[in-house]
Amino acid sequence: MLMPKKYISHRANLYKKDPNRENKLRYINEVISQGFDCEIDLWLMEDKLFLGHDMPDVEISYKNILELKNNLWIHCKNLELLTFFTKIKENNLNYFWHQKDDFTLTSMNYVWTYPGKKVSSNSVIVDLFHTVRLEEEVFGICSDNIFEVKEIYN
C-alpha cells in the first residue's frame with residue numbers, strides 16, 4: 001500500500017474542522033507533539049506576525065515560528081508576508097501562497113496540490129474530506145482529521 005511520508009494537520013485540527021483550535025499556538029504545539037506537521041495561516045501586519053485564516057487573529061512571534069519551522073507548512077495570507085519571507089534567505093521556512101490554484105510550489109520545492117488534481121512523488125495533497133485514495137506515491141497529505149488519514153494509510 002502506498003503511504004505518504006508526511007501527515008500534515010490543517011490549521012492544527014486533529015479530528016475534524018474545529019474553528020476554536022485553528023491557528024492557535026497551543027494546538028499547533030499539540031499537533032507537532034503528536035508527531036504530525038502543521039499547516040498554518042500566517043499574516044504580516046504592521047511588522048507583526050499573526051495567525052488566522054480569514055483575517056489576522058492571534059499574534060505570534062517570529063521566534064516561535066523559527067522554533068517550530070521543521071514541522072510547519074506556512075500559508076502566507078498576504079503579499080507583505082510572502083515578500084518578507086523571500087527577503088530572508090537563512091530562515092529555511094517552508095512557505096507558500098495559494099488560493100484555488102491547482103498547484104503551488106512551496107519555498108522548499110514541494111508541490112502543494114489542490115484536491116482532485118494530478119499528483120507526483122513531491123506532492124502534498126490537500127484532502128479535507130478523505131476522498132482521495134492514493135494510486136501513486138505522494139510526499140504528504142494535509143487534512144482536518146489527520147488521525148483518520150494516518151489510519152487509512154497505515
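This is a predicted model: local features need pLDDT of at least 70, side-chain atom pairs count only at pLDDT 80 or more; totals for chains, interfaces and linings use all residues.
**Exercise 1. Identify which residues of helix 1 are buried, and what covers them.**

Solution. Helix 1 spans residues 25-33, and its buried residues are Tyr27, Ile28, Val31 and Ile32. Around the axis they cover an arc of only 140 degrees, which puts them on the same side of helix 1; the arc is that of the directions from the helix axis to the C-beta atoms. Arg26 and Ser33 are exposed, on the face turned away from the buried side of helix 1. The cover over the buried residues of helix 1 includes strand 1, strand 2 (37-45), strand 3 (48-51), helix 2 (62-68) and strand 5 (72-76). Just after helix 1, Gly35 adopts a positive phi of about 95 degrees.

**Exercise 2. State which residues of helix 4 are buried, and which strands they pack against.**

Solution. In helix 4 (residues 146-153), Ile146, Val149 and Tyr153 are buried. Viewed down the axis of helix 4, these buried residues fall within an arc of 55 degrees, so they line one face of the helix. Their packing partners are strand 1 (6-10) and strand 10 (140-143).

**Exercise 3. Classify the ring pair of Phe96 and Trp112, and explain what it ties together.**

Solution. Rings of Phe, Tyr and Trp (its six-membered ring) pair if their centres lie within 6.5 Å; planes under 30 degrees apart count as stacked, over 60 as edge-to-face and the rest as tilted. A search of the whole structure finds 10 aromatic pairs. In the pair of Phe96 and Trp112, the ring centres are 4.5 Å apart and the planes stand at 25 degrees, so the pair is stacked. Phe96 belongs to strand 6 (residues 95-96) and Trp112 to strand 8 (residues 111-113), so the pair ties together parts that are 16 residues apart in sequence.

Accessibility is then read for each ring. Phe96 counts as buried at 1%, and Trp112 counts as buried at 3%. Ring pairs also link Phe96 and Trp112 with Trp73, Tyr110 and Phe139 into a cluster.

**Exercise 4. Describe the largest pocket, the second largest pocket and the largest cavity.**

Solution. On a 1 Å grid over the protein atoms alone, a cavity is a set of points where a 1.4 Å probe fits but cannot get out, and a pocket is an open set with protein on both sides within 12 Å along at least five of seven lines; lining residues have an atom within 4 Å of a point. Grid points are joined across faces, edges and corners, and a volume is the space filled by probe spheres set on the points.

- The largest pocket has a volume of about 330 Å³. Its lining has 18 residues, those closest to the centre being His10, Arg11, His53, His98 and Leu128.
- The second largest pocket has a volume of about 180 Å³. Its lining includes Arg11, Lys17, Glu22, His53 and Asp57.
- The largest cavity holds about 30 Å³ of space. Among its lining residues are His98, Asp101, Phe103, Trp112 and Val126. Strand 7 (103-105) and strand 8 each give two or more residues to this lining.

Definitions and conventions. Residues are numbered from 1 along each chain as its sequence is written. Side-chain values use heavy atoms; hydrogens and water are left out. Helices (H or I, at least four residues) and strands (E, at least two) are DSSP runs, numbered from the N terminus. Buried means under 20% relative accessible area, exposed over 50%, partly exposed in between (1.4 Å probe, protein chains only). Contact means heavy atoms within 4.5 Å.
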